[in-house]
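Please read the following briefing alongside the sequence and the model. The points are grouped by topic.

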Amino acid sequence: MNDATRLADLSLRLLGRPIDELDTDERRVLDAIAERRLISRDAADIDDEGASFGARLSDRVAAVGGSWGFIIAFTAVLLGWMLLNSDVLARWGMAFDPYPFIFLNLMLSTLAAVQAPIIMMSQNRASAKDRIAAGLDYEINLRAELEIMALHEKIDALMGEVKGLRRE
């Protein structure tokens with residue numbers, strides 16, 4: 001029996017549909033069963049293979065910008081800026097951004113305007129990873145279900161042989 005005939009037989013027997021009616025996930029699972037190979041894959045690895053430099057950069061920016069280390073360091077920088085421009089440099093008339101800190105507000109607004117879309121890109125990438133993971137989970141679940149069905153068929157066939165031997 002050649003591979004195409006075996007796949008067509010598996011498709012009809014296990015899925016109840018001809019092979020040309022299967023979607024790509026079902027076909028991939030059927031191929032893996034026929035070739036007796038593993039189907040498990042890591043969604044993160046699959047996503048990372050196709051990730052652009054910008055996508056990886058957005059993940060790093062979101063990881064840094066959403067950490068306690070960033071919040072604490074950024075708070076220290078802001079407090080230092082305000083302290084420097086309100087007390088220390090103001091005594092000598094050298095404050096480059098005196099109260100109400102207009103330049104600081106401009107920098108914060110710019111940072112927020114740039115950081116928000118970058119974090120959204122990272123969230124979109126995480127959603128794409130979740131979709132990949134869901135597809136892989138579906139394939140693995142389908143394979144497990146088909147393998148269990150095949151085992152049931154084998155057990156039923158063995159039970160039929162045992163019953164036939166008892167009658168003789």
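Pro-100 is found in the loop between α5 (68-88) and α6, where helices (H or I, at least four residues) and strands (E, at least two) are DSSP runs numbered from the N terminus. This is a predicted model, in which local features need pLDDT of at least 70 and side-chain atom pairs count only at pLDDT 80 or more, while totals for chains, interfaces and linings use all residues. Residues are numbered from 1 along each chain as its sequence is written, and side-chain values use heavy atoms, with hydrogens and water left out.

**Backbone in the loops**

- The peptide bond that leads from Tyr-99 to Pro-100 is cis, with omega near 20 degrees.
- Arg-36, placed in the loop between α2 and α3 (43-49), has a phi near 55 degrees, which is a positive value in a residue other than glycine.

**Helices α1 and α2**

- The axes of α1 (residues 3-15) and α2 (residues 24-35) come within 10 Å and cross at roughly 115 degrees, the axes being lines fitted to C-alpha atoms, for helices over the stretch in contact, with angles that run from 0 to 180 degrees between N-to-C directions.
- The two helices α1 and α2 are therefore roughly perpendicular to each other, a term that covers angles of 65 to 115 degrees, whereas angles under 35 count as roughly parallel, over 145 as roughly antiparallel and the rest as oblique.
- Arg-6, Leu-7, Leu-10, Ser-11 and Leu-15 of α1 meet Glu-26, Arg-27, Leu-30, Asp-31, Ile-33 and Ala-34 of α2, contact meaning heavy atoms within 4.5 Å.
- By class, this contact of α1 with α2 has six nonpolar, one polar and four charged residues (Ala, Val, Leu, Ile, Met, Phe, Trp, Tyr, Cys and Pro count as nonpolar, Asp, Glu, Lys and Arg as charged, and the others, Gly among them, as polar).

**The largest pocket**

- About 260 Å³ of space lies in the largest pocket, a volume being the space filled by probe spheres set on grid points that are joined across faces, edges and corners.
- A pocket is, on a 1 Å grid over the protein atoms alone, an open set of points where a 1.4 Å probe fits, with protein on both sides within 12 Å along at least five of seven lines, and lining residues have an atom within 4 Å of a point.
- Among the 13 residues that line the largest pocket, Ile-33, Arg-36, Glu-147, Ala-150 and Lys-154 are the closest to its centre.
- α6 (102-167) and α1 are the elements that give two or more residues to this lining, and α6 gives the most, with seven residues.
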